[in-house]
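Biologist: Hi! Could you walk me through this one while I have it open?
Modeller: Happy to, let's look at it together.

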Amino acid sequence: MGFTQKLIRYTTISIVQVVLSCSVTSAQPLDVDSYKMEMNEFYQKRVHFLKAPNGWLNLAGLYWLKKGRNYFGRDSSNELVYEADAVPPKAGYFLLKKGKVQWVSSKGVSVKVDNKLILRATLYDGNSHTPPVAALSSLRWSIIKRDSLLGVRLRDLDHPALTQFTAIENYPLDTMWRIHAKFVAKENDSLRISNMMGQTYMQKSPGKIHFTIAGVDYTLDALENTGDDLFIIFADLTNGLETYGSGRYIYISKADANGDLIIDFNKSINPPCVFTPFATCPVPPRQNRLQVNVVAGEMRYRSGL
């Protein structure tokens, strides 16, 4: 079954579901056809992002740096090894010194940064929010920081996962899960967030989202996100069964002046760790573990669907 057929299969709205759920999820009648188009576009963009150069499917390695020189290449004598034809036996080294990371190329190795051939370049200085990307053949790498650790995130634009990927299975689209909610702001609040590496850190939280499912009240703590979105990390009773065991994510538009917003669980997505072992995903805080089966959004990813 091709991707387009699967997309139709998993995004078909039951008219019965729409009629039954509109009265509880929307103060205004929902244009079903427009909503179906919106969700189809959402799924298409999601797949496009996963396969994009900055998506998750092409991740090929994550290497944590020690102080001093960290040699990288195909040869097993390097501290950082990536066995691929695109990698020279000894490509060069990452120099971690005083919280900064430089890349130094071996003689004759053609590495580009900002589309310019370089022998040496600073990839991390602690100030830039978007560290530069180095390029060598089909490989791309940049520096990430997790707590006190600095690491190399390696991508391969020819990664086999890009061709193996077909689609993500979703629950059938149901407007019951497009829920009107209230946002209650909190000043100078933060959440303790843990990630898959076991690290814990504090992250700013602008407030709580209050909503009702089947007559039961629930809340979720939101996290700040760039732009006009809020970021939600949540768990529910489908985790480990039909959905990823460590929860899912939602990005939602910020509330209006009256504190009204919509949380659409049909837009629940899998964390990057579903697609690659080279991600450091945050997991839901305890208060964001919903005691309900959220049968909406992305299900557990299985390659070759």
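Biologist: How many aromatic pairs does a search of the whole structure find?
Modeller: The search finds 17 aromatic pairs. Keep in mind that this is a predicted model.

Biologist: Let's take Phe-72 and Trp-141. Why is that pair edge-to-face?
Modeller: The ring centres of Phe-72 and Trp-141 are 5.6 Å apart and the planes meet at 65 degrees, so the pair is edge-to-face. The cut-off for that label is over 60 degrees.

Biologist: And which parts of the chain does the pair link?
Modeller: Distant ones: Phe-72 belongs to strand 2 (residues 68-73) and Trp-141 to strand 10 (residues 139-146), with the two 69 residues apart.

Biologist: Is Phe-72 buried or exposed? Trp-141, buried or exposed?
Modeller: Phe-72 is buried, at a relative accessible area of 2%. Trp-141 is buried too, at 1%.

Biologist: Zooming out, how many helices and strands are in the protein chain?
Modeller: The chain has 4 helices and 19 strands. It runs to 305 residues, and 49% of them count as buried.

Biologist: What about contacts between residues 24 or more positions apart?
Modeller: Taking contacts with a separation of 6 or more, residues 24 or more positions apart account for 58% of them.

Biologist: How many bridges pair strand 15 and strand 16?
Modeller: Strand 15 pairs with strand 16 (residues 229-234) over 2 bridges. Glu-224 has Leu-230 as its bridge partner, and Leu-223 has Phe-231.

Biologist: What sits between the strands in that hairpin?
Modeller: There are 4 residues between strand 15 and strand 16, and in this hairpin Gly-227 takes a positive phi near 80 degrees.

Biologist: And how many bridges join strand 16 to strand 17?
Modeller: The antiparallel strands 16 and 17 are joined by 6 bridges.

Biologist: Last one: how many residues of strand 16 are buried?
Modeller: Strand 16 is mostly covered, with 5 of its 6 residues buried.

Key
Residues numbered from 1 in each chain as written. Predicted model: local features only at pLDDT ≥ 70, side-chain atom pairs only at ≥ 80, totals over all residues. Heavy atoms only, no water. Phe/Tyr/Trp six-rings, centres within 6.5 Å; stacked < 30°, edge-to-face > 60°. Buried < 20%, exposed > 50% of the residue type's maximum accessible area, 1.4 Å probe, protein only. Contact = heavy atoms within 4.5 Å. Pairing = 2+ DSSP bridges.
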